[in-house]
Amino acid sequence: MKHDQLFTDLKNKYDSIGQDVNTHLSGLLHSKPITYWDYIQPEALLNLQVQRTNLPDEMVFIMYHQINELLFKMILWEIDQIATHPDLTTAFFADRLDRISRYFDMLSSSFQIMGDGMEVEQYMKFRDTLTPASGFQSAQYRKIEFASTELINLIDVRFRDTIDRNKPFSHAFDHLYWQAAGKDHKTGKKSTLLQLFEDKYMDDFIVFMKTYNTSNLWTKFKSLPAEDQKDLKLRNAMRHYDHTVNVLWVMAHFNAAAKYLNSGSTEAEATGGSKWQKYMHPRYQKRIFFPDLWTEEELENWGITNLEGHEVLR
């Protein structure tokens, strides 16, 4: 590009936002060159690992979960692009879903890092210092769920018939599937795990639930023209995402937890005190983001016959 054209383009850019291009060009005379460490901020990232014990494998545990949170942020970033796209197409929708699924594929396969990368003896010691904290308390993961599907699909299956759109969001929140993992099923009393989580994030969650009530992935799909909803690439991308998140990733987490919590003579509780087996296994909660994209047989056998894969539509 010629210098005069470049200057004209820059001037037009800054004129459009009421800025003087010469002022910005003058500022460049005093700017420093960008470096990797300035841009990526590795020093900041590498100072976020704070152990609570002197057991070396706790560092593996901390860093692994921080990597998960970074990937969750990437996933939310991609979902937002679908939710806010002014002219959504099937190609764009499927492409972003494929990106998200790759992030979850990475999350699923990465559990081996934690599952095989810590000594059981060390984990069973340092985990006591984490009580009542739990991965259950990942706010970003909950937001991924809210942004992926309609709230009714996240309600505990026992209460779905009692929920309708006229009920306040706080009522729906109190009947989400994961609430069961933090309540005494006899008294309904909330555990410290759940109470702390709600104290920290519930107001934020309610706002987020309202924001994605009509722009979650499932609603966006159903708002497409009927012909676009038949697009095989998009339908397969959605099925792949649904299965990856709600079966493969969940089971990878389940199996990693089982290795440690079932390692002793008696089964150990999760650090948050939840009944982790029934809470985590997909056959019990049947978390399904896009139920209409699966056959009755597939829905009935969710978490039973599809633990390793699912049919690709042709």
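H243 sits in helix α13, which covers residues 232–261; helices here are DSSP runs of H or I at least four residues long, strands are runs of E of at least two, and both are numbered from the N terminus. With a relative accessible area of 1%, H243 counts as buried, given that buried means under 20% relative accessible area, exposed over 50% and partly exposed in between, computed with a 1.4 Å probe on protein chains only. Which residues is H243 in contact with, leaving aside its neighbours within four places in sequence? They are L248, W294, W302, N306, E308, G309 and H310, where contact means heavy atoms within 4.5 Å.

This is a predicted model, in which local features need pLDDT of at least 70 and side-chain atom pairs count only at pLDDT 80 or more, while totals for chains, interfaces and linings use all residues. Residues are numbered from 1 along each chain as its sequence is written, and side-chain values use heavy atoms, with hydrogens and water left out.

Taken as a whole, the chain has 16 helices and zero strands. Its C-alpha atoms fill a box of roughly 75 × 55 × 40 Å along the principal axes, and of its 314 residues 43% are buried.

The next topic is helix packing. Two packed helices are described by the angle between their axes and the distance between the axes. The axes used here are lines fitted to C-alpha atoms, for helices over the stretch in contact, and the angles run from 0 to 180 degrees between N-to-C directions. Angles under 35 degrees count as roughly parallel, over 145 as roughly antiparallel, 65 to 115 as roughly perpendicular and the rest as oblique.

Helix α8 (residues 139–148) and helix α10 (residues 192–211) have axes that come within 11 Å and cross at roughly 25°, which makes α8 roughly parallel to α10. On the α8 side the contact involves A139, R142, K143, F146 and A147, and these meet F197, Y201, D204, F205, F208 and M209 in α10. By class, eight of the residues in the contact of α8 with α10 are nonpolar, none is polar and three are charged; Ala, Val, Leu, Ile, Met, Phe, Trp, Tyr, Cys and Pro count as nonpolar, Asp, Glu, Lys and Arg as charged, and the others, Gly among them, as polar.

Helix α1 (residues 3–15) packs against helix α2 (residues 21–28) at an angle of about 115°, with the axes 9 Å apart, and the two are therefore roughly perpendicular to each other. F7, L10, K11 and Y14 in α1 meet V21, N22, H24 and L25 in α2, a contact whose residues divide into five nonpolar, two polar and one charged.

Aromatic side chains come next. Rings of Phe, Tyr and Trp (its six-membered ring) pair if their centres lie within 6.5 Å, and planes under 30 degrees apart count as stacked, over 60 as edge-to-face and the rest as tilted. By this rule the count comes to 26 aromatic pairs. F72 and Y141 form a tilted pair, with 5.6 Å centre to centre and 45° between the planes. F72 lies in helix α5 (residues 57–83) and Y141 in helix α8, so the pair ties together parts that are 69 residues apart in sequence. Both F72 and Y141 are buried, and both belong to one aromatic cluster, which also includes Y64, F104, F111, W218, F221, Y241, W249, F289 and F290.

Several loop residues complete the picture. P132, in the loop between α7 (120–126) and α8, is joined to T131 by a cis peptide bond with omega of about 5°. Q41, in the loop between α3 (36–40) and α4, is a residue other than glycine with a positive phi, near 60°, and at 40% relative accessibility Q41 counts as partly exposed. L46 and V50 both lie in the loop between α4 and α5, and both count as exposed, L46 with a relative accessible area of 62% and V50 at 61%.

| Pair | Separation in sequence | C-alpha to C-alpha distance |
|---|---|---|
| L46 and M63 | 17 residues | 9.3 Å |
| V50 and M63 | 13 residues | 9.7 Å |
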